[in-house]
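Q: I would like to learn how to read cavities and salt bridges in a model. Could we take them in turn?

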Amino acid sequence: MSNYIIYGITIILLTLSYSKDKIKTQKALKKAWKSFDNILPELLTVIMFVGALISILNPEIISNIIGGNSGWVGVVIASIVGAITLIPGFVAFPMAAILLKSGAGYMQIAAFVSSLMMVGVVTIPVEIKYFGKKLTMLRNVLAFLFSFVVAYIIGRVVTGV
């Protein structure tokens, strides 16, 4: 239901924009389409990867590895996978929702997404080039540790304790 409200507001605002300045609105729509066109291949690739992964790993296996009952072991696994994975945020959050629906736990997904966004194992060589080895390692280690803080906080919020 809330999606319909958001779509309705968007249509109303787009109509208002178009009535105020047709040329700017058309340019904005063209830029939006180009952005969507650029994002689509990555998005489809990750969705296909997650779909294949979920078809191979049924919800029971996902629950055992990173489910709510996997505890801190699942948080560590999710955090390590997030740290070594290079996925843009606009793909990570829908993927996290799919994993939650497949049986992953909230703490584990929080650790996964936070380490995915903050830790850059794949980008370390570039980061060292610009920031130096010491700062790069410090930033990545602190970000990795912070993913556990995020997981703990989310765990407390979800369980209501």
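A: Start with the residue classes: Ala, Val, Leu, Ile, Met, Phe, Trp, Tyr, Cys and Pro count as nonpolar, Asp, Glu, Lys and Arg as charged, and the others, Gly among them, as polar. Note also that this is a predicted model.

Q: How many cavities of 30 Å³ or more does a search of the whole structure find?

A: The search finds one. About 40 Å³ of space lies in the largest cavity.

Q: Which residues line the largest cavity?

A: Its lining consists of Leu43, Val46, Ile47, Val50, Val91, Pro94, Met95 and Ile98. At least two lining residues come from each of α2 (22–56) and α5 (89–101).

Q: What is the lining of the largest cavity by class?

A: Eight residues of the lining are nonpolar, with no polar and no charged residues.

Q: Now the charged side chains. How many salt bridges does the structure hold?

A: In general, side chains of opposite charge can pair when their charged atoms come close. This structure holds one salt bridge. It joins the side chains of glutamate 127 and arginine 139, at 2.5 Å from N to O. Glutamate 127 lies in helix α7 (residues 124–131) and arginine 139 in helix α8 (residues 133–159), so the pair, twelve residues apart, links distant parts of the chain.

Q: Is glutamate 127 buried or exposed?

A: Buried means under 20% relative accessible area. Glutamate 127 has a relative accessible area of 10%, so it is buried.

How values were computed
Residues numbered from 1 in each chain as written. Predicted model: local features only at pLDDT ≥ 70, side-chain atom pairs only at ≥ 80, totals over all residues. Heavy atoms only, no water. 1 Å grid on protein atoms, 1.4 Å probe; cavity = no way out; pocket = protein on both sides within 12 Å on 5 of 7 lines; lining within 4 Å. Points joined across faces, edges and corners; volume = space filled by probe spheres on them. Helix = DSSP H or I, 4+ residues; strand = E, 2+ residues; numbered from the N terminus. Salt bridge = Lys/Arg side-chain N within 4 Å of Asp/Glu carboxyl O. Buried < 20%, exposed > 50% of the residue type's maximum accessible area, 1.4 Å probe, protein only.
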